[in-house]
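Visitor: I'd like to go through this model with you, a bit at a time. Could you start with the terms, and then we'll move on to the details?

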Amino acid sequence: MVEFKLPDVGEGMHEGEIVKVLVRTGESVQQDQPLLEVQTDKVNAELSAPVTGIIREIFISEGETVEVGTTLLVIDAGTEAKAEETKLPEKVVNPDKTVNFAPARADHRRSLATPYVRQLAREMKLDIELVTGTGAAGRVTEEDLRQFANRLQKSAPAKFPTSATGNERQLEESTVPIGTEPVVQPKTGTATRAATSSQGDIERLPLKGIRKKIAEHMVKSVTIIPHVTSVDELEMDQLRALREKIKPHADKRNIKLTFLPFFIKALVIALKEFPTLNASIDERTNEILLKRFYHIGIATDTPEGLIVPVIKDADHKSIFQLAEEIDQLARLAREGKLTMEHITGGTFTISNVGPIGGLQATPIINHPEVAIISLHKMEKRWVVREDEGVIRWMMNLSLSFDHRLIDGVTAVRFTNRIKELLEDPNLLFAEMV
C-alpha cells in the first residue's frame, strides 16, 4: 500500500485546498494519472499518481483544506483492478468522516481540464463531460469549450445526425440540454444568505483559497513594511510613435507588442543604477540583500485572483522576447496552468492597471521585495511646453517603496530615471545591454 500525502508543491506551502477529486475508491489508476486538483496559496496544481494500482481509500473531500503531509488517499500498488471496477462502493468510510460519491459508470471517465476551464464551462452553462478535449492527455481547453458552444448554437434546435462523431456523437447521446446544468457556487466556497431587517440581504462567502492567501500576504506586507508612495507623470508621445513603427514587425512574427516590454527594459536599467530598489531585507539577520539579477513580476488579474508570474532575467531579453513571454505567462495565468517556477523568485513587481483605468494608486509591495510600480491610464492631456499649452499623451506612474531601506529622494531619482528613458526611447535603446 502506498500512502499518497499532500506534498509541498510550492515554496513555504503549509496547506492546500482540495479543489477536485478525480478518482474514486476501487478505481484502477496508472502512474502519472491525475488524482486531485489542489489549490495552494499561489497556484492550482494537479497531483498525479506516483504508482500504478487501485485506489483503496480516499480520506479527503472536495473543498477541504489540509496540511502538507496529510495522507490524501491510499493506492494498492501493482494490483489489477479490472474485476473490482464493476462493484464500486457508493460510500467510503474512514474513522473521521464519510465521503459520498455518485454511482460510478464503468464506461465513463471524468474529463480532464484546468480549474479555469471548468469555471468557464459553468459560466457558459456547458456540461464539460460532453466536450472532447484536444489538449495534452485529452484535456479540455478553452478553445474546445468555445467550439463546442458554437456547434450547439448552430445545431439547435435541429437533431444531431446519427452518424456524427466526436463532440457531436456525445451530444447526441446526451439528455442534458444546454442551460439546464445547475449553476455551481464560486470556488471561494458555499454561499449562505441571511436577511437583515435594516440593510436587506447579505450574501456571505468564506474567505479561503487564493483570495485568503492574498489577504494574508497583503496584511503581512503592510504590517512589516512602512510604505510610501510617490507619483509622477510621463509623456508618452515618442514611445507611442516608436511602438507604432515597430508593431508591424512584431505582427509578422505573431507577437503582441504592448507598452509593457518597454517599461520592463527601462525599469531594469534604473534598477541597476539604484540597487536598493532591487533588494530585500532579511528580518532574521537584519541584513540587506542586494539582488544582482532582475526577475520582474507582473501582477496579473485572473478568475482565481491576482497572480504575479515572474519574467526571469529580464535584462537579458529583447523587447520582442519580453512581449512573447508576457503574453505566454498571461495566458497560462488565465488558464490556471502556472507552476511555482513561474511565480517565484521575483525581485521587483509591476502592476499594470492602465488598460482598465485609474490615475494613481498606492500599490502594496509584494513582500519581501522593497518596491512596486503601478502603471496607469494613458490619455491625452493639456500640458505646458515652452510656455505654450499643448496636447500630449500622458500617463501616471505610482511607486510604493519600503521606507526602511529607500529614502524619498532615492525613490524620486529612480522614477526620474525611468521617466527619462521612456520619454526619449532613443536613449532607452542606447542604454540597453
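This is a predicted model: local features need pLDDT of at least 70, side-chain atom pairs count only at pLDDT 80 or more; totals for chains, interfaces and linings use all residues.

Visitor: Since H7 came up, at what angle do H6 and H7 pack?

Guide: Helix H6 (residues 260–273) and helix H7 (residues 319–334) pack at about 120 degrees, and their axes are 8 Å apart. The two helices are therefore oblique to each other, and H6 passes H7 in a right-handed crossing.

Visitor: Which residues in H6 and H7 meet there?

Guide: From H6 the contact takes in Leu260, Pro261, Phe262, Ile264 and Lys265, while H7 contributes Ile319, Leu322, Ala323 and Ile326. Sorted by class, this contact of H6 with H7 has eight nonpolar residues, one charged residue and no polar ones.

Visitor: How far apart are the axes of H6 and H9?

Guide: The axes of H6 and helix H9 (residues 408–423) are 9 Å apart, and the two helices pack at an angle of about 135 degrees. That angle makes H6 oblique to H9, and the crossing of this pair is right-handed.

Visitor: So which residues of H6 meet H9?

Guide: Phe262, Phe263, Ala266, Leu267, Ile269, Ala270, Leu271 and Glu273 in H6 meet a group in H9 made up of Phe414, Arg417, Ile418, Leu421 and Leu422.

Visitor: Switching to strands: what is the order of the open sheet that has E5 in it?

Guide: That open sheet of four strands has the order E5-E4-E2-E7, and its pairing is antiparallel. Strand E5 (44–48) and strand E7 (65–67) stand at the edges with a single partner strand each, so one side of each is left without a neighbour in the sheet. Neighbouring strands of this sheet are turned by 40 degrees against each other on average, if direction is ignored.

Visitor: How many bridges join E2 to E4?

Guide: Strand E2 (residues 15–21) and strand E4 (residues 34–39) run antiparallel and are joined by four bridges; Glu17, for instance, has Gln39 in E4 as its bridge partner. Helix H4 (residues 209–224) packs on this sheet, where it touches E2, E4 and E5, and the direction of H4 makes about 165 degrees with that of E2.

Visitor: What about the sheet with E1, which order does it have?

Guide: Its four strands form an open sheet in the order E1-E8-E6-E3, again with antiparallel pairing. The edges are strand E1 (2–5) and strand E3 (28–29), and because each has a single partner strand, one side of each lacks a neighbour in the sheet. Further in, strand E6 (residues 53–58) and strand E8 (residues 71–77) pair in the antiparallel sense over five bridges, with Leu73 in E8 as the bridge partner of Ile58.

Visitor: And what do E14 and E15 form?

Guide: E14 and E15 form a hairpin with four residues between them, and Asn286 in the turn has a positive phi of about 60 degrees. Strand E14 (residues 279–282) and strand E15 (residues 287–290) run antiparallel and are joined by four bridges, and Ile281 has Ile288 in E15 as its bridge partner.

Visitor: Last one: where does pLDDT stay under 50?

Guide: It stays under 50 over residues 81–108, for which the model has 37 contacts beyond four places in sequence, and also over residues 158–191, for which the model has 51 such contacts. The chain as a whole averages a pLDDT of 80, and 80% of the residues score at least 70.

Terms used
Residues are numbered from 1 along each chain as its sequence is written. Side-chain values use heavy atoms; hydrogens and water are left out. Axes are lines fitted to C-alpha atoms, for helices over the stretch in contact, and angles run from 0 to 180 degrees between N-to-C directions. Angles under 35 degrees count as roughly parallel, over 145 as roughly antiparallel, 65 to 115 as roughly perpendicular and the rest as oblique. A crossing is left-handed if the near helix is turned anticlockwise from the far one by less than a right angle, and right-handed if clockwise. Contact means heavy atoms within 4.5 Å. Ala, Val, Leu, Ile, Met, Phe, Trp, Tyr, Cys and Pro count as nonpolar, Asp, Glu, Lys and Arg as charged, and the others, Gly among them, as polar. Two strands pair if DSSP finds at least two bridges between them. pLDDT is the predictor's confidence in each residue, from 0 to 100.
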